[in-house]
Amino acid sequence: MLPELSRPHRATCHCGAVELAVELSDGFSTARRCDCSFCRRRGAIAVTAPLDGVRIVKGADNLRLYTFNTGTAQHWFCKTCGIYTHHRRRSNPNEYGVNVACLDGVNPRDLGEVPWTDGVNHPSDGA
């Protein structure tokens, strides 16, 4: 069972060097996985937050950015422990995807079956 989370939600990397305050767009109803070449290797479940819904509380200097292909999607990781915390979405650059496993008190297993997004055939790739 998913816990009732405080607002804003607290999200941290594994080592605690990075902490975020997160306001989710619609709770856990936006939870999804992606099968693009990057996300399927990462394996994380992401939930949606608007761009103004993610604030770095501490550790901005510990975050590292990874981009590829078009550079639209921006993926942030803790440089110390390597945990992916959040990313700016390619599918909607006005949103962040936040790693559910980084939210305090949340076990991703409690989400049950999580839908997949077809990142292999991304609409931004064209025909």
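**Chatting about the rings and a sheet**

Q: How many aromatic pairs does the structure hold?
A: There are six aromatic pairs. Rings of Phe, Tyr and Trp (its six-membered ring) pair if their centres lie within 6.5 Å; planes under 30 degrees apart count as stacked, over 60 as edge-to-face and the rest as tilted.

Q: How do tyrosine 66 and phenylalanine 68 pair up?
A: Their pair is stacked, with 5.8 Å centre to centre and 25° between the planes.

Q: And what about phenylalanine 77 and tyrosine 84?
A: That pair is tilted, at 6.0 Å centre to centre and 55° between the planes.

Q: Phenylalanine 77: buried or exposed?
A: Phenylalanine 77 is buried, and tyrosine 84 is too. Buried means under 20% relative accessible area, exposed over 50%, partly exposed in between (1.4 Å probe, protein chains only).

Q: Which residues do ring pairs link into a cluster?
A: Phe38, Tyr66, Phe68, Phe77 and Tyr84.

Q: Before I go on, what kind of model is this?
A: A predicted one: local features need pLDDT of at least 70, side-chain atom pairs count only at pLDDT 80 or more, and totals for chains, interfaces and linings use all residues. Residues are numbered from 1 along each chain as its sequence is written, and side-chain values use heavy atoms, with hydrogens and water left out.

Q: New topic: what order do the strands of the open sheet have?
A: The five strands run 4-9-8-7-6, with antiparallel pairing. Strands are DSSP runs (E, at least two residues), numbered from the N terminus, and two of them pair if DSSP finds at least two bridges between them.

Q: Which ones are the edge strands?
A: Strand 4 (46-50) and strand 6 (63-66), each pairing on one side only.

Technical notes
Helices (H or I, at least four residues) and strands (E, at least two) are DSSP runs, numbered from the N terminus.
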